[in-house]
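Reader: I would like a close look at a single part of this structure. Please state the cut-offs for the terms you use.

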Amino acid sequence: MSILFHYNSRLQHQCDHAHAFIKGCKDVLVTDKPDGDADIHIISGPHFAYNQWKHHDKVLMIDRAYWGDPDCVSIAWLQPDGTRKFASGEARRDKPTLYEWKPTWSIPSLKEIRCIVLADYGQDVTETVKQASKRFPSVQVRLHPADCKEPRPLTLEDDVKWADVIVGHSSSALFEAIRYGTPVICTDPNNPVMPVSAAMHETLYRGDRSKWLHDMSYKQFSLSEIADGTAWELLKNVL
């Protein structure tokens with residue numbers, strides 16, 4: 001079985017991913033070009049080499065992590081419809097602390113409900129804001145960092161703690177909102193937060209998150225877990 005890791009040599013984090021996989025899997029070869037022949041292709045991010053191999057039947061895709069240190073990444077098998085198939089297991093893995101859900105609101109406090117819409121990079125959230133405004137009296141937009149021209153008064157962590165409800169599509173910040181107990185409305189059916197979120201018209205989810213968080217812990221790995229083979233051993237079992 002041949003495995004080829006495609007990486008952009010101008011991006012340090014992709015170089016780090018490639019070097020870690022070399023250590024963690026003896027069959028991995030690396031290339032700084034998007035083409036090449038192999039049984040399995042590993043791509044780092046949705047840009048370099050993605051278009052060349054997105055329809056291949058065995059593609060392992062590395063993307064941004066949902067939480068943790070900067071060297072953490074999510075890793076999964078790319079599916080034909082663009083979704084990803086993650087590893088799973090019963091063993092306990094490290095995961096962040098969950099905070100209590102924010103309480104439900106009483107009718108007198110309805111006007112004080114604070115809703116924040118998280119915009120993805122370059123996303124026009126006009127329609128999302130319109131729909132959210134039908135339900136919540138106060139709706140604010142938090143732009144993606146790359147689209148924000150001026151410094152923001154609050155950090156992302158501050159915003160998700162401050163809000164009563166967070167609305168978003170593919171933003172990984174939805175995970176942080178759920179972690180801090182802020183109910184989430186998610187418009188992307190493929191987002192991993194869907195099991196513990198709601199649609200725009202649904203009652204906000206405030207149920208159990210423990211099983212979901214356990215499953216999430218198998219969706220990402222640190223560089224050390226890639227280098228020591230932990231990531232590959234778990235991922236190859238769901239190939």
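Author: A residue is called buried under 20% relative accessible area, exposed over 50%, and partly exposed in between (1.4 Å probe, protein chains only). The model is predicted, so local features need pLDDT of at least 70 and side-chain atom pairs count only at pLDDT 80 or more, while totals for chains, interfaces and linings use all residues. Residues are numbered from 1 along each chain as its sequence is written, and side-chain values use heavy atoms, with hydrogens and water left out.

Rings of Phe, Tyr and Trp (its six-membered ring) pair if their centres lie within 6.5 Å; planes under 30 degrees apart are stacked, over 60 edge-to-face, and the rest tilted. Trp-67 is in the loop between β4 (59-64) and β5 (73-78), whereas Phe-175 belongs to helix α5 (residues 173-179), so their contact ties together parts 108 residues apart in sequence. Helices (H or I, at least four residues) and strands (E, at least two) are DSSP runs numbered from the N terminus. Trp-67 and Phe-175 are both buried. Ring pairs also join Trp-212 to these two residues in a cluster.

Tyr-99 and Tyr-180 are likewise stacked, at 5.2 Å between centres and 25° between planes. Tyr-99 comes from the loop between β6 (84-85) and β7 (114-118) and Tyr-180 from the loop between α5 and β10 (184-186), so this pair ties together parts 81 residues apart in sequence. Tyr-99 counts as partly exposed because its relative accessibility is 39%; Tyr-180, at 12%, counts as buried.

Helix α5 is also part of a right-handed β-α-β unit with β9 and β10; right-handed means that, with the strands pointing away from the viewer, the path from the first strand over the helix to the second runs clockwise. Strand β9 (residues 165-168) is covered on both faces: Val-165 and Val-167 on one side, and Ile-166 and Gly-168 on the other, are all buried. In a regular strand, side chains alternate between the two faces of the sheet. β9 pairs with β10 in the parallel sense over three bridges, where pairing requires at least two DSSP bridges between the strands. Cys-186 in β10 is the bridge partner of Gly-168. β7 and β9 also pair in the parallel sense, over three bridges, and Ile-116 stands opposite Ile-166.
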